[in-house]
Amino acid sequence: MNSSKPQDADVTPIQAVSKVAELEPNREAPAAMLTTNQGVGIVDNQNTLKAGTRGPSLLEDFIYREKITHFDHERIPERVVHARGHGAHGYFQVYESLAPYTRAHFLQDPAVRTPVFVRFSTVQGSRGSADTVRDVRGFATKFYTQEGIFDLVANNIPVFFIQDAIKFPDLVHALKPEPHNEVPQGSTAHDTFWDYISVTPESAHMIMWAMSDRAIPRSNRMMEGFGVHTFRLVNAEGVSTFVKFHWKPLLGIHGLSWDEAQTLAGRDPDFHRRDLWEAIETGNYPEWELGLQLITEEDMDKLDFDLLDSTKIIPEEIIPVKRVGKMVLNRNPDYFFGETEQVAFHIGHVVPGIDFTNDPLLQGRLFSYTDTQLLRLGGPNFHQIPINRPINPVYNNQRDGFHQHRIYTGRVAYEPNTLAGGLPKEAPPERGFVTYPDAESGPKLRDRSHTFMDHYTQARMFWLSMTQPEQDHIVEAFSFELGRVETVTVRARIVTMLQQVDATLAQRVADNLGLALEGQPGPTASTEVMPSPALSMIGTGNGTIRTRKVAILAADGVDVDGLKAMKEGLEAAGALTKIISVRLGGLVGAQGGPGLPIDATPKTMPSVMFDAVFVPCGPDSLEVLKANGDMLHFVMEAYKHCKPIAAAGYGVDLLRMTGIVQDGVPPQDGVLLAEKGGADKALAQQFVQAIGMHRFWMRADKMQIPA
Ligand code: HDE
């Protein structure tokens with residue numbers, strides 16, 4: 001530090017700047033005329049320079065050479081993990097000052113809107129893989145605070161596979177497509193992944209989450225985010241509080257069904273990307289609340305697990321999540337590559353008031369993220385790329401390097417100096433980052449604390465916290481993944497691992513795999529572990545149907561009044577509706593009059609793209625729907641995927657024909673009928689309620705529906 005401390009007045013004042021406005025000078029609108037990169041007008045963009053119309057091309061053609069060279073260099077290495085992703089701009093606002101816990105400037109004043117850029121991602125697949133695969137989702141947020149960048153590089157699962165960063169390359173080599181044949185893409189259902197897991201007991205808790213519906217989210221807008229590690233908040237007095245970061249989606253936490261996720265991977269590989277994009281374009285801005293679990297140093301010792309162990313959560317029932325602010329995503333990027341691809345997150349991007357802990361996974365990440373950007377973005381100046389630039393002034397004596405964008409003036413690039421009047425000076429402690437002075441001492445060793453050794457209690461807690469259908473889905477997921485594993489001994493080792501989690505779970509998976517349980521019987525329901533009801537996804541979202549997509553199946557001769565009444569009822573509750581028919585164009589109603597515009601056919605928008613289905617009344621409409629295999633498949637598939645289905649009058653016959661409704665048998669949950677047809681308000685109300693429950697997972701006979 002300088003011996004002469006700079007005074008407050010010397011320091012650049014904190015100023016609010018909008019990131020969107022800051023990006024503005026970098027946005028390029030299309031121009032009227034083509035030029036080369038040197039600004040020379042291009043007269044012919046169709047033909048290379050040749051010696052005669054049928055002669056050889058000439059090396060002299062600098063216009064062609066420039067164009068093709070740039071094209072040849074268009075690709076950069078994709079992220080080694082989290083390669084597939086999509087992002088959006090927005091803002092974060094704190095509800096009330098968090099000064100008692102942290103001096104972080106963006107967490108002080110509820111009037112301050114901090115710009116953010118968020119990137120959601122899958123982990124395993126490459127850039128072109130499908131969105132709906134079974135995988136962990138990345139949820140990385142860049143906060144452009146007035147005191148520098150804070151990156152919360154989170155996942156949608158609160159624990160991780162491993163406890164120490166040195167294991168990460170092995171984990172990733174095991175889960176990526178296998179090296180000999182580059183198979184499978186966007187899936188962990190293969191031998192090397194499960195082989196690694198079978199000899200990595202610390203992954204037990206994580207694989208329970210990865211096999212749950214958390215790993216096949218309905219939408220990024222309907223998933224939680226977790227910072228995973230324990231961080232520190234540090235207040236102006238230097239007092240530290242441990243913290244776990246959470247994102248809580250205001251639309252609730254919801255998953256797809258596995259069959260649906262797989263079908264979507266083919267029918268609409270961009271399902272999540274499109275979903276986020278459309279939500280923002282239609283003004284349905286996604287929102288999350290930032291949650292904090294705050295733990296004092298003294299309370300840390302009362303927990304029966306180690307806070308530095310990234311394979312553990314703090315159950316919300318023990319330490320509640322304090323909701324401290326809200327994030328809203330309200331602007332799509334203009335340029336995918338320039339923003340979403342070039343954004344560079346780093347767990348080490350923290351601001352004064354936020355600090356690290358000794359979690360060995362966190363410590364390892366602190367190295368990896370800069371290192372990877374150096375390769376991916378080609379040099380040490382990636383912080384100058386518009387999307388990565390802080391909104392507050394950046395100044396230091398770092399110079400040169402690939403892709404330097406700044407013109408530094410003056411001859412002084414060192415500190416301390418006298419030639420530039422001693423400027424720029426070090427920041428005063430109240431404005432700059434001061435590391436929390438945690439006292440550390442200990443022998444150098446490669447070892448792990450004994451407090452990291454319980455790998456099964458929380459895995460069991462997760463299992464016990466699930467409702468029946470959620471447990472069923474976990475069993476099905478293990479059975480699918482291990483069913484794809486070719487090496488029987490690997491399957492068997494995983495089942496042995498599951499025996500340590502729960503005897504019933506292990507037995508059910510073993511039965512599906514045709515394996516006999518061997519060795520020690522695992523814990524049973526009577527083995528004492530307290531469940532954490534907050535881990536279940538069921539019932540989250542408070543019944544909202546905002547942005548839920550409802551298909552209305554109709555053809556000419558439909559009861560337009562009934563159709564419109566339902567459509568209006570759903571839209572008033574925030575749902576989005578689409579009319580699906582056997583062809584595009586207009587729909588002529590039973591009552592005649594101007595045709596209703598048809599949005600899509602089942603071929604372009606199949607049932608997997610919707611949350612619910614309505615079949616309105618109309619005898620002529622029914623005849624057309626009945627004769628169309630795609631329409632029959634539509635309702636059966638929606639039923640198989642446990643979605644709410646409503647039908648009015650003749651529409652009920654379509655459900656009868658597919659066996660969804662049987663005479664004399666009361667309709668199953670989530671199947672709502674108004675036999676008399678017409679514009680039934682009660683039906684619309686019941687339907688809204690049913691859609692608010694997301695899915696009816698307990699449908700007993702869904703397995704009988706052919707795929
Ligand atoms: Fe990452 N991780 N990670 N990770 N991670 C990357 O950085 C790494 C971990 C996460 O949208 C890489 O820029 C190590 C946990 C997200 O751009 C790389 C370890 C969590 C993203 C990297 C972990 C994450 C990444 C690859 C174990 C949840 C995507 C490309 C010690 C809290 C960010 C890149 C984006 C990306 C390393 C474990 C989240 C290689 C070494 C735990 C959301 O640096």
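Reader: How many residues surround the ligand, and which are the closest?
Author: This is a predicted model, in which local features need pLDDT of at least 70 and side-chain atom pairs count only at pLDDT 80 or more, while totals for chains, interfaces and linings use all residues. Residues are numbered from 1 along each chain as its sequence is written. Counting a residue as near when its C-beta atom, placed from the backbone, lies within 6 Å of the molecule, 25 residues surround the ligand, and the closest are Arg79, His82, Gly138, Ala165 and Val228.

Reader: Which element gives the most to the shell around the ligand?
Author: Helices (H or I, at least four residues) and strands (E, at least two) are DSSP runs, numbered from the N terminus. Strands S2 (114-122), S3 (137-145) and S4 (148-155) each supply at least two residues of the shell, as does helix H10 (360-376). With seven residues, the element that gives the most is H10.

Reader: How many residues of the shell around the ligand are charged?
Author: Ala, Val, Leu, Ile, Met, Phe, Trp, Tyr, Cys and Pro count as nonpolar, Asp, Glu, Lys and Arg as charged, and the others, Gly among them, as polar. On that division the shell holds 12 nonpolar and 10 polar residues, and the number of charged ones is three.

Reader: How are H13 and H14 oriented to each other, roughly parallel or roughly antiparallel?
Author: Helix H13 (residues 488-501) packs on helix H14 (residues 503-513) at about 160°, with the axes 6 Å apart; axes are lines fitted to C-alpha atoms, for helices over the stretch in contact, and angles run from 0 to 180 degrees between N-to-C directions. Where C-beta atoms, placed from the backbone, lie within 7 Å, two residues are in contact, and here the residues of H13, including Val495 and Leu498, meet residues of H14, including Ala506 and Val509. The contact divides into nine nonpolar, one polar and one charged residues. Angles under 35 degrees count as roughly parallel, over 145 as roughly antiparallel, 65 to 115 as roughly perpendicular and the rest as oblique, and H13 and H14 are therefore roughly antiparallel.

Reader: At what angle do H3 and H4 pack, and which residues of H4 make the contact?
Author: Helix H3 (residues 168-175) and helix H4 (residues 191-198) pack at about 140°, their axes 6 Å apart, which makes H3 oblique to H4. From H3 come Asp170, Leu171, Ala174 and Leu175, and from H4 come Thr192, Phe193, Asp195 and Tyr196.

Reader: What is the omega of the cis peptide bond at Pro184?
Author: Pro184 has its place in the loop between H3 and H4. A cis peptide bond joins Val183 to Pro184, and omega there is about 0°.

Reader: Which residue has a positive phi although it is not a glycine?
Author: The loop between H10 and helix H11 (457-465) contains Pro424, which a cis peptide bond joins to Leu423, with omega about -10°. The residue in question also has its place in the loop between H10 and H11. Its phi is about 60°, and the residue is His403.

Reader: Which residues of H19 make the contact with H15?
Author: Helix H15 (residues 560-572) and helix H19 (residues 681-692) pack at about 40°, with axes 9 Å apart. Ala565, Met566, Gly569 and Leu570 contribute from H15, while the residues of H19 are Lys681, Ala684 and Val688.
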